[in-house]
Amino acid sequence: MSDKPVLLLTRKYSANTEARASRDYQVIFNPDDTVYSSDQLLEKCAGADAVIPCHSEHFNAVVAAQLPARVKIIANHSVGVDHCDLAALKARGVVVTNTPDVLSDATAEIGMLLMLGAARRASEGDRMMRQGKWDSWSPAFMVGTQVTGKRIGIVGMGRVGQVMAKRARGMDMEVHYFNRSRLPGDKEAGAIFHDQLDDLLAVADVLSLHCPTTPETTGFMTAEKFALLPDGAIFVNTARGALVDEEALVEALRSGKLAAAGLDVFVTEPGGNPKFATLENIFMLPHIGSATSQTRDAMGFRALDNIDAFFAGKEPKDRLV
Ligand code: DGY
């Protein structure tokens, strides 16, 4: 009988992550990649000392209250932790970590793809080609929005926001940002800080969200906020769908207030918002911001690093509570 701690992997992780996990722990795998209900999650947790979940497993207050006492650490395979009730888990004495840094490049890549795809009508053009409907061309055909040299407004200038800013600078964009606090000069790298969100919105030809979902930020992009953007702005969201009032977004896209939106995240996941599918001016992806094999390995390893530290009696690097 091994004395290695038992580690529950709630989803199918990268082969390298699973190999390292099974080298160092007794692992409960999920080879079919089943999405566990709360009851199934609790049942699986009963046999585990540590858990690596994704944002698809909800450790809300109800689950936290029933979490078997054996579980000592939840090492998330995500940077976002809105699926975890941190206060409730802390109250149960459970350590919670996330995976910052390692997905910033991949997520910013998707941010750029969404910005460009939305601005240049990529899904509309792709659909037309696939359906064999491209039957004419004129100077007025499929005219989009040029973003080179425009102003990008970044909400949340953390790790992903900073990489997005860097990539946008590569397109000669003027970077503006709103953040809880102003960044030091080296991190700001010439970006223009706004201490009021509304001031940022007024200058954002492209608005890109990179902030966490908290009680304060949930639903902050309301009809009033969309109205503050310049006419014809592009809206990009790689953070979380819950930041946005999706009805207000639909209205802003229908009315032409926004030229287009690029979305990787939705209030309802998986699935998304069926109303979005009726709008030509949305370029959408199914929450794949961090989905590269390189980043998946890095996320799995970062979660394992946190668990290794915990069982070695050290402070996990990415401890949140
Ligand atoms: C994250 O890390 O938060 C990504 O959205 C994937 O869960």
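Reader: In which loop is the place of Asp 33?
Author: This is a predicted model, and in it Asp 33 has a positive phi of about 60° although it is not a glycine. The place of Asp 33 is in the loop between β2 (26-28) and α2 (38-45).

Reader: What is the phi of Asp 101, a residue other than glycine?
Author: Asp 101 is found in the loop between β5 and α5. With a relative accessible area of 39%, Asp 101 is partly exposed. The backbone of Asp 101 takes a positive value of phi, near 70°.

Reader: Is the peptide bond from Glu 269 to Pro 270 cis or trans?
Author: Pro 270 is found in the loop between β11 (258-263) and β12 (282-284). For the peptide bond that runs from Glu 269 to Pro 270, omega is near -10°, and the bond is cis.

Reader: Which residues surround the ligand?
Author: The shell around the ligand divides into three nonpolar residues, five polar ones and one charged. Its members are His 55, Ser 78, Val 79, Gly 80, Leu 103, Arg 240, His 287, Ser 290 and Met 299.

Reader: What does helix α12 reach from its first C-alpha to its last?
Author: Helix α12 takes in residues 293-311, which is 19 residues. At 1.5 Å a residue, a span of 27 Å is expected, and the helix comes close to that. From its first C-alpha to its last, α12 reaches 27 Å.

Reader: Which elements do the buried residues of α12 pack against?
Author: In α12, the residues Thr 295, Asp 297, Met 299, Gly 300, Arg 302, Ala 303, Leu 304, Asn 306, Ile 307 and Ala 309 are buried, and Met 299 is also one of the residues surrounding the ligand. Just after the helix, Gly 313 takes a positive phi of about 80°. The buried residues of α12 pack against β1 (6-9), α1 (15-24), β3 (50-52), β4 (73-75), β5 (95-97) and α5 (104-119).

Reader: Why does Asn 306 count as buried, and which backbone oxygen does its side chain reach?
Author: Asn 306 is found in helix α12, and it counts as buried because its relative accessible area is 0%, where the limit is under 20%. Leaving out residues up to four places away in sequence, Asn 306 touches Ile 73, Thr 97, Asn 98, Pro 316, Lys 317 and Asp 318. At 3.3 Å, the side chain of Asn 306 reaches the backbone oxygen of Asn 98.

Reader: What covers the buried residues of helix α7?
Author: Helix α7 consists of residues 159-169, and its buried residues are Val 160, Gly 161, Val 163, Met 164, Ala 165 and Ala 168. What covers them includes α5, β6 (151-155), β7 (174-178) and β9.

Reader: Is Val 147 buried or exposed?
Author: The place of Val 147 is in the loop between α6 (122-130) and β6. Setting aside its neighbours within four places in sequence, Val 147 is in contact with Met 115, Leu 116, Ala 119, Met 171, Met 173 and Val 206. Because its relative accessibility is 4% and the cut-off is under 20%, Val 147 counts as buried.

Reader: What separates the C-alpha atoms of Gly 219 and Asp 245?
Author: Gly 219 is found in the loop between β9 (206-209) and α10 (223-228), and with a relative accessible area of 24% it is partly exposed. Apart from its neighbours within four places in sequence, Gly 219 is in contact with Ala 242, Leu 243 and Val 244. Gly 219 and Asp 245 are 26 residues apart along the chain, and their C-alpha atoms are separated by 5.2 Å.

How values were computed: Residues numbered from 1 in each chain as written. Heavy atoms only, no water. Near = heavy atom within 4 Å. Nonpolar A, V, L, I, M, F, W, Y, C, P; charged D, E, K, R; others polar. Helix = DSSP H or I, 4+ residues; strand = E, 2+ residues; numbered from the N terminus. Expected span 1.5 Å × (residues − 1). Buried < 20%, exposed > 50% of the residue type's maximum accessible area, 1.4 Å probe, protein only. Contact = heavy atoms within 4.5 Å. Polar contact = N/O pair within 3.5 Å; in protein donor to acceptor, adjacent residues only side chain to side chain.
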